[in-house]
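Me: Please take a close look at a single part of this model and then follow it into its surroundings. Plain wording is enough.

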Amino acid sequence: MHTTSMTAVGFCGEWLIVTCDKKLVAINTKQARERFVFDCSTAEKKPADGKDDNSSDAGASEEVGRDKVLAFAVSSSGKLVALTDDSKRLVLFRCEPSWQCISIRWVVRRCTSLMFNKAEDALLATDKSGDVYSFSVETPQREGELKMGHLSMLLAVSMSPDDKYIITADRDEKIRVSPLTSPHNIQSFCLGHQQFVSALLVPSAHPDWLLSGSGDGTMKLWEYESGRKLQSWDLKELDPEAQHKSTVCRITSSPDNCHVAVQCERVSTLQFFTLDLEGKEKLVPQSRLSLPHCPLDIAFDPEGRLWVLMDSTDAPLKIYTHRRDFWECDAESPELNGVTEAFKPHWETLEASSRSESRFEHLHKVSFDNVTAYLQKKQQRLEEQQLKRGTAQKANGNKKAKKDTSGAGI
């Protein structure tokens, strides 16, 4: 499977986390604490006597890992962080009272997404073959336990706030809801997307709802326990300047759940929604924010400000605050200046990472219009047959004319 490194941003309490290429960089936004950097290329290597996982991969061969970060996750308390790379490491960190690498374990196949459960005693990892593994947090050296399998590559995972359900999204447009204690008993499917499902979010203020984004350029709202679709928005219709449908790559909500931000891949505009429990329309478009560059990722901090990591070498980070129904850039924010200064040594790494190709481009299903091709060939055959008939009739006419002429001469 072809893999692309993930450039992402998130918050773990006061720590801003950025993953780019082979590194995870954590910078404290409030205190003058030493930044934490984890470089996968210098991390523990897989033991030489380990099993060759590729041999069990249904005969498929995988390219050699280059230690590029594929995904990371933060626990709800902000005390734990996990990352995985294309060399199949699964790394667990504790960030308070100080950063510490707790364990490095190995996954069977390259992972596509990670998530801690609410209890923070388990870390779920989905992989490219459609499997979901559960890794213990309390016993950080224990191997992962296979929880469930799918017939398609998994791209996103989420959970209900009470840890009752696990929600998975795959390449074949499906969202599956399963009880965590008995995942083989499927609770429901949320069906309706026309392309792969690339983003999931269960809003904490509405624990029975699910937001999903897809390669078809839509965001949908579900009552996931029953699989009922409540609403759908085509994001292209909300942006008059949009030239084509773009993949939804991030859905995130502010800590107070007043704002839902939606990011589409390679689009320099963010769309904001509000969730209305009482109204007829549950998912209501709020505003749009035009950015100076295409965003690589977005994240809300604990104060509800939106941090945007952009494809720019001059100013890759910006902070936006919601004031008077608009999102305004905090260009003079002291936190931003401090973080930017601390992040400068890693700008080249960020630039190299941002040049990598789309994470989703190869997932789009291409439809072939066989009917049009068939009709064109049929029309061509009819024209050729008609031409042959015309030629034959003309030849017969010439022969008859010659015969009549010779008969008249006799």
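Reply: Ser188 lies in strand 16. Strands are DSSP runs of E with at least two residues, helices are runs of H or I with at least four, and both are numbered from the N terminus. The model is predicted, so local features need pLDDT of at least 70 and side-chain atom pairs count only at pLDDT 80 or more, while totals for chains, interfaces and linings use all residues. Residues are numbered from 1 along each chain as its sequence is written, and side-chain values use heavy atoms, with hydrogens and water left out.

Ser188 has a relative accessible area of 7%, so this residue is buried. Buried means under 20% relative accessible area, exposed means over 50%, and partly exposed lies in between (1.4 Å probe, protein chains only). A polar atom of the Ser188 side chain lies 2.6 Å from the backbone oxygen of Tyr224. A polar contact is a pair of N or O atoms within 3.5 Å; within protein, one must be able to donate a hydrogen and the other to accept it, and residues adjacent in sequence count only if both atoms are side-chain atoms.

Leaving aside residues up to four places away in sequence, Ser188 touches Ile175, Arg176, Val177, Tyr224, Glu225, Ser226 and Gly227. Contact here means heavy atoms within 4.5 Å.

Two strands pair if DSSP finds at least two bridges between them. In general, strands of a sheet pair through backbone hydrogen bonds, either parallel or antiparallel.

Inside this sheet, strand 14 and strand 15 (residues 175-179) pair in the antiparallel sense over five bridges.

Asp163 is found in the loop between strand 13 (154-159) and strand 14 (165-170). Its phi is positive, about 65 degrees, although the residue is not a glycine. Most residues other than glycine have a negative phi, and most peptide bonds are trans. Asp163 has a relative accessible area of 18%, so it is buried.

Elsewhere in the chain, Asp67 has a positive phi near 65 degrees, again in a residue other than glycine. Asp67 sits in the loop between strand 4 (36-39) and strand 5 (69-74), and at 11% relative accessibility it counts as buried. Another backbone feature is the cis peptide bond from Glu96 to Pro97, with omega near 5 degrees. Pro97 lies in the loop between strand 7 (89-94) and strand 8 (100-106).
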